[in-house]
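Student: I am new to this structure. Please show me how to read its features, one at a time.

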Amino acid sequence: MPEFEQRVIVHVDMDAFYASVETLDDPSLADRPVIVGGLGPRGVVATANYAARTHGVHSAMPMARARRLCPQARFIRPRMERYRQKSREVFAVFAGFTPLIEGLSLDEAFLDVSGSLKLFGGPLEIARRIKHRVREETGLTASVGVAHNKFLAKLASDARKPDGLLWLHPEEVQQFLDPMPVARLWGIGKQTAPRLKALGILTIGQLRRADSNILQTVLGNRVDHFQQLARGEDRRTVQPAQADLSISHEVTFDTDIGDPAELWAELQRQTENVARRLRDHGLMARTVVVKIRDGNFHTVTRSRSLRACSSSTRTLYRMARALFENWRSDHRTTPLRLLGVGVTGLEPGGGGEQAAGNRLDSRSEQDIDRVSDQINRRFGGAGLIHAQTLRRKKPSS
(Lines give C-alpha, C1' and ligand atoms only; values in the text may rest on other atoms or scores of the structure.)
Protein backbone atom coordinates (compact mmCIF):
# COMPACT_ATOMS: atom_id res chain seq x y z
CA MET A 1 0.00 0.00 0.00
CA PRO A 2 1.45 3.46 -0.88
CA GLU A 3 2.71 5.52 2.03
CA PHE A 4 -0.03 8.15 1.67
CA GLU A 5 -2.66 5.41 2.03
CA GLN A 6 -1.14 4.36 5.35
CA ARG A 7 -1.82 7.74 6.92
CA VAL A 8 -4.79 8.21 9.21
CA ILE A 9 -6.34 11.64 8.89
CA VAL A 10 -9.24 12.74 11.05
CA HIS A 11 -11.43 15.69 10.10
CA VAL A 12 -13.48 17.13 12.96
CA ASP A 13 -16.28 19.60 12.26
CA MET A 14 -18.30 20.94 15.17
CA ASP A 15 -22.06 20.82 14.58
CA ALA A 16 -23.62 24.28 14.02
CA PHE A 17 -20.94 25.62 16.33
CA TYR A 18 -22.13 29.13 17.18
CA ALA A 19 -25.76 28.03 17.54
CA SER A 20 -24.69 25.03 19.63
CA VAL A 21 -22.72 27.24 22.02
CA GLU A 22 -25.74 29.51 22.41
CA THR A 23 -27.94 26.49 23.19
CA LEU A 24 -25.36 25.17 25.65
CA ASP A 25 -25.48 28.49 27.50
CA ASP A 26 -29.27 28.75 27.27
CA PRO A 27 -30.90 25.28 27.37
CA SER A 28 -34.32 26.82 26.69
CA LEU A 29 -33.21 27.06 23.05
CA ALA A 30 -32.83 23.29 22.72
CA ASP A 31 -36.10 22.71 20.86
CA ARG A 32 -36.11 25.92 18.83
CA PRO A 33 -34.59 27.00 15.53
CA VAL A 34 -31.56 29.16 16.36
CA ILE A 35 -29.95 31.56 13.89
CA VAL A 36 -26.77 33.46 14.74
CA GLY A 37 -25.62 36.46 12.72
CA GLY A 38 -25.92 40.18 12.18
CA LEU A 39 -29.33 41.43 13.23
CA GLY A 40 -29.40 44.68 11.29
CA PRO A 41 -30.78 45.24 7.79
CA ARG A 42 -27.38 44.35 6.32
CA GLY A 43 -26.80 41.33 8.53
CA VAL A 44 -26.04 37.86 7.23
CA VAL A 45 -26.42 34.43 8.82
CA ALA A 46 -23.21 33.18 10.46
CA THR A 47 -24.69 29.80 11.34
CA ALA A 48 -28.05 28.15 11.89
CA ASN A 49 -28.87 25.04 13.89
CA TYR A 50 -30.35 22.03 12.18
CA ALA A 51 -33.91 22.93 13.17
CA ALA A 52 -33.52 26.21 11.27
CA ARG A 53 -31.85 24.50 8.30
CA THR A 54 -34.96 22.42 7.71
CA HIS A 55 -36.65 25.72 6.79
CA GLY A 56 -33.99 26.47 4.16
CA VAL A 57 -31.81 28.75 6.26
CA HIS A 58 -28.06 28.48 5.69
CA SER A 59 -24.88 30.40 6.44
CA ALA A 60 -24.08 33.53 4.38
CA MET A 61 -27.80 34.02 3.68
CA PRO A 62 -29.08 37.60 4.17
CA MET A 63 -30.68 37.78 7.58
CA ALA A 64 -33.79 39.43 6.14
CA ARG A 65 -34.42 36.32 4.04
CA ALA A 66 -33.74 34.03 7.02
CA ARG A 67 -36.41 35.91 8.98
CA ARG A 68 -38.92 35.34 6.18
CA LEU A 69 -38.09 31.64 5.92
CA CYS A 70 -38.09 30.95 9.66
CA PRO A 71 -39.80 33.78 11.59
CA GLN A 72 -40.24 31.58 14.66
CA ALA A 73 -36.48 31.21 15.14
CA ARG A 74 -34.48 32.78 17.94
CA PHE A 75 -32.15 35.31 16.31
CA ILE A 76 -28.91 35.96 18.20
CA ARG A 77 -26.02 38.34 17.64
CA PRO A 78 -22.62 36.55 17.59
CA ARG A 79 -20.52 36.47 20.77
CA MET A 80 -17.10 35.87 19.26
CA GLU A 81 -15.13 35.89 22.50
CA ARG A 82 -17.36 33.13 23.88
CA TYR A 83 -16.94 31.09 20.69
CA ARG A 84 -13.16 31.51 20.83
CA GLN A 85 -13.20 30.31 24.43
CA LYS A 86 -15.11 27.15 23.51
CA SER A 87 -12.87 26.66 20.48
CA ARG A 88 -9.81 26.64 22.73
CA GLU A 89 -11.47 23.92 24.80
CA VAL A 90 -12.15 21.86 21.66
CA PHE A 91 -8.60 22.21 20.35
CA ALA A 92 -7.22 21.27 23.77
CA VAL A 93 -9.03 17.95 23.33
CA PHE A 94 -7.40 17.48 19.93
CA ALA A 95 -3.98 18.14 21.43
CA GLY A 96 -4.51 15.18 23.75
CA PHE A 97 -4.41 12.86 20.73
CA THR A 98 -1.78 14.35 18.42
CA PRO A 99 0.41 17.45 17.99
CA LEU A 100 -0.34 17.43 14.23
CA ILE A 101 -3.40 19.68 14.17
CA GLU A 102 -4.34 21.95 11.27
CA GLY A 103 -7.07 24.31 12.34
CA LEU A 104 -9.27 25.56 9.50
CA SER A 105 -11.50 27.76 11.65
CA LEU A 106 -12.73 27.99 15.24
CA ASP A 107 -14.81 24.85 14.76
CA GLU A 108 -12.98 22.70 12.24
CA ALA A 109 -9.62 20.93 12.04
CA PHE A 110 -7.61 18.15 10.46
CA LEU A 111 -5.68 15.80 12.76
CA ASP A 112 -2.95 13.42 11.60
CA VAL A 113 -3.20 10.56 14.12
CA SER A 114 -0.95 8.13 12.22
CA GLY A 115 1.56 8.16 15.06
CA SER A 116 -1.09 7.72 17.76
CA LEU A 117 -2.52 4.34 16.75
CA LYS A 118 -0.43 2.27 19.16
CA LEU A 119 -1.35 4.57 22.02
CA PHE A 120 -5.09 5.01 21.43
CA GLY A 121 -6.15 2.12 19.17
CA GLY A 122 -7.24 1.90 15.55
CA PRO A 123 -8.67 4.72 13.41
CA LEU A 124 -12.28 4.09 14.40
CA GLU A 125 -11.42 3.86 18.10
CA ILE A 126 -9.50 7.14 17.99
CA ALA A 127 -12.37 8.88 16.21
CA ARG A 128 -14.83 7.60 18.81
CA ARG A 129 -12.57 8.76 21.63
CA ILE A 130 -12.25 12.23 20.11
CA LYS A 131 -16.02 12.58 19.79
CA HIS A 132 -16.55 11.36 23.34
CA ARG A 133 -13.90 13.68 24.81
CA VAL A 134 -15.27 16.69 22.93
CA ARG A 135 -18.76 16.04 24.29
CA GLU A 136 -17.58 15.31 27.82
CA GLU A 137 -15.26 18.32 28.12
CA THR A 138 -17.15 20.96 26.13
CA GLY A 139 -20.79 19.84 26.11
CA LEU A 140 -20.83 20.08 22.29
CA THR A 141 -21.16 17.53 19.51
CA ALA A 142 -18.89 17.03 16.51
CA SER A 143 -19.05 15.15 13.24
CA VAL A 144 -15.89 13.18 12.46
CA GLY A 145 -14.55 11.72 9.23
CA VAL A 146 -11.59 9.31 9.03
CA ALA A 147 -9.66 8.46 5.87
CA HIS A 148 -6.14 8.22 4.50
CA ASN A 149 -6.11 11.82 3.20
CA LYS A 150 -7.57 15.24 3.94
CA PHE A 151 -9.96 15.42 1.00
CA LEU A 152 -11.67 12.16 1.84
CA ALA A 153 -11.72 12.81 5.59
CA LYS A 154 -13.53 16.10 4.98
CA LEU A 155 -16.14 14.45 2.77
CA ALA A 156 -16.56 11.65 5.31
CA SER A 157 -17.36 14.05 8.15
CA ASP A 158 -19.89 15.88 5.97
CA ALA A 159 -21.62 12.60 5.10
CA ARG A 160 -22.80 11.85 8.63
CA LYS A 161 -23.79 15.26 10.01
CA PRO A 162 -24.84 16.01 12.67
CA ASP A 163 -23.03 14.12 15.45
CA GLY A 164 -21.83 11.53 12.94
CA LEU A 165 -18.81 9.32 12.38
CA LEU A 166 -17.59 7.67 9.17
CA TRP A 167 -14.37 5.76 8.53
CA LEU A 168 -13.75 5.58 4.81
CA HIS A 169 -11.57 2.59 3.86
CA PRO A 170 -9.39 2.83 0.71
CA GLU A 171 -11.32 0.09 -1.07
CA GLU A 172 -14.59 2.03 -0.54
CA VAL A 173 -13.41 5.28 -2.09
CA GLN A 174 -14.84 5.05 -5.61
CA GLN A 175 -18.17 3.71 -4.46
CA PHE A 176 -18.34 6.66 -2.06
CA LEU A 177 -17.17 9.36 -4.48
CA ASP A 178 -18.64 8.44 -7.86
CA PRO A 179 -22.31 9.36 -7.20
CA MET A 180 -21.45 12.73 -5.63
CA PRO A 181 -22.15 15.99 -7.51
CA VAL A 182 -19.03 17.25 -9.23
CA ALA A 183 -19.25 20.47 -7.18
CA ARG A 184 -18.13 18.51 -4.12
CA LEU A 185 -14.58 18.61 -5.54
CA TRP A 186 -12.54 21.41 -4.01
CA GLY A 187 -12.14 24.12 -6.61
CA ILE A 188 -15.27 23.36 -8.67
CA GLY A 189 -17.36 26.42 -7.99
CA LYS A 190 -20.52 28.10 -9.22
CA GLN A 191 -18.92 29.16 -12.50
CA THR A 192 -17.16 25.90 -13.35
CA ALA A 193 -19.93 23.43 -12.45
CA PRO A 194 -22.40 24.70 -15.12
CA ARG A 195 -19.69 24.49 -17.78
CA LEU A 196 -19.00 20.87 -16.81
CA LYS A 197 -22.73 20.20 -16.86
CA ALA A 198 -22.82 21.45 -20.46
CA LEU A 199 -20.33 18.67 -21.25
CA GLY A 200 -22.64 16.12 -19.62
CA ILE A 201 -20.49 15.82 -16.48
CA LEU A 202 -22.67 15.96 -13.37
CA THR A 203 -20.95 13.57 -10.96
CA ILE A 204 -17.45 12.94 -9.67
CA GLY A 205 -17.49 9.52 -11.30
CA GLN A 206 -18.26 11.04 -14.70
CA LEU A 207 -15.39 13.49 -14.33
CA ARG A 208 -13.04 10.68 -13.30
CA ARG A 209 -13.86 8.73 -16.47
CA ALA A 210 -14.00 11.69 -18.86
CA ASP A 211 -11.48 12.31 -21.62
CA SER A 212 -8.83 14.71 -20.33
CA ASN A 213 -8.69 16.56 -23.66
CA ILE A 214 -12.38 17.39 -23.40
CA LEU A 215 -12.03 18.44 -19.75
CA GLN A 216 -9.20 20.78 -20.65
CA THR A 217 -11.64 23.11 -22.42
CA VAL A 218 -13.18 23.83 -19.01
CA LEU A 219 -10.51 23.00 -16.44
CA GLY A 220 -7.42 24.09 -18.36
CA ASN A 221 -4.12 22.91 -16.90
CA ARG A 222 -5.83 21.64 -13.72
CA VAL A 223 -7.35 18.58 -15.35
CA ASP A 224 -4.87 16.20 -13.70
CA HIS A 225 -5.51 17.77 -10.30
CA PHE A 226 -9.27 17.33 -10.48
CA GLN A 227 -9.09 13.81 -11.87
CA GLN A 228 -6.73 12.87 -9.03
CA LEU A 229 -9.29 14.16 -6.54
CA ALA A 230 -12.00 12.26 -8.39
CA ARG A 231 -9.95 9.11 -7.78
CA GLY A 232 -9.70 10.03 -4.09
CA GLU A 233 -6.02 10.99 -4.30
CA ASP A 234 -4.73 13.83 -2.15
CA ARG A 235 -1.10 13.92 -1.00
CA ARG A 236 -1.28 17.10 1.08
CA THR A 237 -0.05 16.72 4.63
CA VAL A 238 -1.60 18.13 7.79
CA GLN A 239 0.12 21.43 8.53
CA PRO A 240 0.21 22.22 12.26
CA ALA A 241 -1.14 25.66 12.99
CA GLN A 242 1.26 28.53 13.41
CA ALA A 243 0.65 31.82 15.15
CA ASP A 244 -1.78 34.09 13.30
CA LEU A 245 -0.06 36.45 10.87
CA SER A 246 -2.60 39.11 11.77
CA ILE A 247 -5.46 39.85 14.14
CA SER A 248 -8.33 42.10 13.14
CA HIS A 249 -11.85 43.15 13.99
CA GLU A 250 -14.34 44.96 11.78
CA VAL A 251 -18.06 45.74 11.64
CA THR A 252 -20.53 46.66 8.95
CA PHE A 253 -22.90 49.27 10.34
CA ASP A 254 -26.66 48.81 10.14
CA THR A 255 -26.84 52.29 8.59
CA ASP A 256 -23.97 54.44 7.35
CA ILE A 257 -22.39 56.48 10.15
CA GLY A 258 -20.94 59.96 9.77
CA ASP A 259 -20.94 61.15 13.39
CA PRO A 260 -17.25 61.48 14.42
CA ALA A 261 -17.99 60.70 18.09
CA GLU A 262 -19.65 57.41 17.14
CA LEU A 263 -16.78 56.51 14.83
CA TRP A 264 -14.14 57.24 17.49
CA ALA A 265 -16.13 55.11 19.92
CA GLU A 266 -16.31 52.23 17.46
CA LEU A 267 -12.59 52.55 16.74
CA GLN A 268 -11.89 52.37 20.48
CA ARG A 269 -14.11 49.31 20.93
CA GLN A 270 -12.46 47.44 18.09
CA THR A 271 -8.96 48.32 19.26
CA GLU A 272 -9.82 46.98 22.72
CA ASN A 273 -10.93 43.68 21.16
CA VAL A 274 -7.80 43.37 19.02
CA ALA A 275 -5.45 44.28 21.87
CA ARG A 276 -7.14 41.81 24.22
CA ARG A 277 -6.79 39.01 21.67
CA LEU A 278 -3.09 39.87 21.30
CA ARG A 279 -2.56 39.59 25.03
CA ASP A 280 -4.64 36.40 25.29
CA HIS A 281 -2.26 34.78 22.78
CA GLY A 282 0.89 36.20 24.38
CA LEU A 283 1.65 38.31 21.29
CA MET A 284 2.61 41.87 20.42
CA ALA A 285 2.21 43.74 17.13
CA ARG A 286 4.44 46.08 15.19
CA THR A 287 1.98 47.41 12.58
CA VAL A 288 -1.52 48.86 12.95
CA VAL A 289 -4.02 48.74 10.07
CA VAL A 290 -7.31 50.63 9.72
CA LYS A 291 -9.89 49.52 7.13
CA ILE A 292 -12.53 51.96 5.89
CA ARG A 293 -15.47 51.43 3.50
CA ASP A 294 -17.91 54.16 2.50
CA GLY A 295 -21.51 53.88 1.35
CA ASN A 296 -20.41 53.45 -2.27
CA PHE A 297 -18.40 50.33 -1.32
CA HIS A 298 -15.10 52.16 -1.89
CA THR A 299 -12.64 50.49 0.47
CA VAL A 300 -9.27 51.82 1.64
CA THR A 301 -6.73 50.62 4.19
CA ARG A 302 -4.18 52.69 6.05
CA SER A 303 -1.28 51.20 7.97
CA ARG A 304 1.76 52.36 9.91
CA SER A 305 4.46 50.55 11.84
CA LEU A 306 5.21 51.41 15.44
CA ARG A 307 8.79 52.13 16.47
CA ALA A 308 8.57 49.07 18.73
CA CYS A 309 6.01 46.30 19.15
CA SER A 310 3.07 46.68 21.51
CA SER A 311 0.02 44.96 22.92
CA SER A 312 -1.24 48.02 24.81
CA THR A 313 -4.80 49.11 24.12
CA ARG A 314 -3.77 52.73 24.61
CA THR A 315 -0.79 52.56 22.27
CA LEU A 316 -2.64 50.72 19.51
CA TYR A 317 -5.63 53.06 19.75
CA ARG A 318 -3.45 56.15 19.45
CA MET A 319 -1.99 54.81 16.21
CA ALA A 320 -5.37 53.64 14.86
CA ARG A 321 -6.91 57.02 15.59
CA ALA A 322 -4.02 58.86 13.93
CA LEU A 323 -4.46 56.75 10.79
CA PHE A 324 -8.20 57.31 10.78
CA GLU A 325 -7.89 61.06 11.40
CA ASN A 326 -5.46 61.29 8.49
CA TRP A 327 -8.09 59.75 6.20
CA ARG A 328 -10.93 61.81 7.70
CA SER A 329 -9.07 65.06 7.03
CA ASP A 330 -10.01 64.69 3.36
CA HIS A 331 -13.39 62.99 3.91
CA ARG A 332 -15.10 64.99 6.66
CA THR A 333 -18.61 64.51 5.28
CA THR A 334 -18.28 60.88 4.16
CA PRO A 335 -20.47 58.43 6.11
CA LEU A 336 -19.00 54.98 6.63
CA ARG A 337 -20.49 51.59 5.91
CA LEU A 338 -17.65 49.61 7.52
CA LEU A 339 -14.80 50.28 9.92
CA GLY A 340 -12.09 47.87 11.00
CA VAL A 341 -8.87 47.73 13.00
CA GLY A 342 -6.12 45.13 12.62
CA VAL A 343 -2.53 44.44 13.58
CA THR A 344 0.27 42.63 11.77
CA GLY A 345 3.94 41.91 12.35
CA LEU A 346 3.12 39.73 15.34
CA GLU A 347 5.87 38.65 17.72
CA PRO A 348 5.89 36.61 20.94
CA GLY A 349 5.25 38.80 23.96
CA GLY A 350 7.81 39.15 26.72
CA GLY A 351 7.78 39.87 30.42
CA GLY A 352 8.66 43.06 32.19
CA GLU A 353 12.35 42.73 31.36
CA GLN A 354 11.48 43.31 27.71
CA ALA A 355 9.64 46.54 28.33
CA ALA A 356 12.70 48.75 28.18
CA GLY A 357 13.93 47.47 24.82
CA ASN A 358 11.59 45.77 22.37
CA ARG A 359 8.17 47.15 23.28
CA LEU A 360 6.54 50.53 23.64
CA ASP A 361 4.28 49.72 26.57
CA SER A 362 5.13 51.25 29.91
CA ARG A 363 4.87 49.21 33.08
CA SER A 364 1.77 51.17 34.11
CA GLU A 365 0.05 50.43 30.78
CA GLN A 366 0.84 46.75 31.16
CA ASP A 367 -0.59 46.77 34.68
CA ILE A 368 -3.80 48.50 33.53
CA ASP A 369 -4.28 46.05 30.66
CA ARG A 370 -3.59 43.06 32.89
CA VAL A 371 -6.16 44.10 35.49
CA SER A 372 -8.71 44.95 32.79
CA ASP A 373 -8.22 41.54 31.15
CA GLN A 374 -8.63 39.74 34.48
CA ILE A 375 -11.90 41.56 35.18
CA ASN A 376 -13.27 41.00 31.68
CA ARG A 377 -12.38 37.30 31.72
CA ARG A 378 -14.28 36.95 34.97
CA PHE A 379 -17.33 39.08 34.18
CA GLY A 380 -17.49 39.08 30.37
CA GLY A 381 -19.92 41.67 29.07
CA ALA A 382 -20.33 43.06 32.58
CA GLY A 383 -16.62 43.82 32.81
CA LEU A 384 -14.64 46.97 32.04
CA ILE A 385 -14.98 49.05 28.88
CA HIS A 386 -13.51 52.40 27.93
CA ALA A 387 -15.93 55.27 28.57
CA GLN A 388 -15.61 56.44 24.97
CA THR A 389 -17.15 53.22 23.64
CA LEU A 390 -20.42 54.15 25.33
CA ARG A 391 -20.93 56.77 22.62
CA ARG A 392 -21.85 54.00 20.17
CA LYS A 393 -25.63 54.24 19.93
CA LYS A 394 -26.22 50.54 19.29
CA PRO A 395 -24.29 47.42 18.29
CA SER A 396 -23.50 46.81 14.65
CA SER A 397 -24.14 43.74 12.59
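**Reading the rings and a buried charge**

Tutor: Of the 397 residues in the chain, 47% are buried. Buried means under 20% relative accessible area, exposed means over 50%, and partly exposed lies in between (1.4 Å probe, protein chains only). This is a predicted model: local features need pLDDT of at least 70, side-chain atom pairs count only at pLDDT 80 or more, and totals for chains, interfaces and linings use all residues. Residues are numbered from 1 along each chain as its sequence is written, and side-chain values use heavy atoms, with hydrogens and water left out.

Student: How many helices and strands does the secondary structure of the chain have?

Tutor: Helices (H or I, at least four residues) and strands (E, at least two) are DSSP runs, numbered from the N terminus. Here there are 15 helices and 13 strands.

Student: What describes a pair of aromatic rings?

Tutor: The distance of the centres and the angle of the planes. Rings of Phe, Tyr and Trp (its six-membered ring) pair if their centres lie within 6.5 Å; planes under 30 degrees apart are stacked, over 60 edge-to-face, and the rest tilted. The whole structure holds eight aromatic pairs. In one, Phe-17 and Tyr-18 have ring centres 6.0 Å apart and planes at 50°, so the pair is tilted. Phe-17 is buried at 2% relative accessible area, and Tyr-18 is buried at 18%. Together with Tyr-83, Phe-17 and Tyr-18 form one aromatic cluster.

Student: Why is the pair of Trp-264 and Phe-324 edge-to-face?

Tutor: Their planes stand at 85°, with centres 5.2 Å apart, so the pair is edge-to-face. Trp-264 is in helix 13 (residues 260-280) and Phe-324 in helix 14 (residues 313-328), so the pair ties together parts 60 residues apart in sequence. Both Trp-264 and Phe-324 are buried.

Student: Which residue lies over the face of Trp-264?

Tutor: A charge sits over a ring if NZ of Lys or CZ of Arg is within 6 Å of the ring centre and within 35 degrees of the ring normal. Arg-321 lies over Trp-264, at 4.1 Å from the ring centre. Arg-53 lies over the face of Tyr-50, at 4.3 Å.
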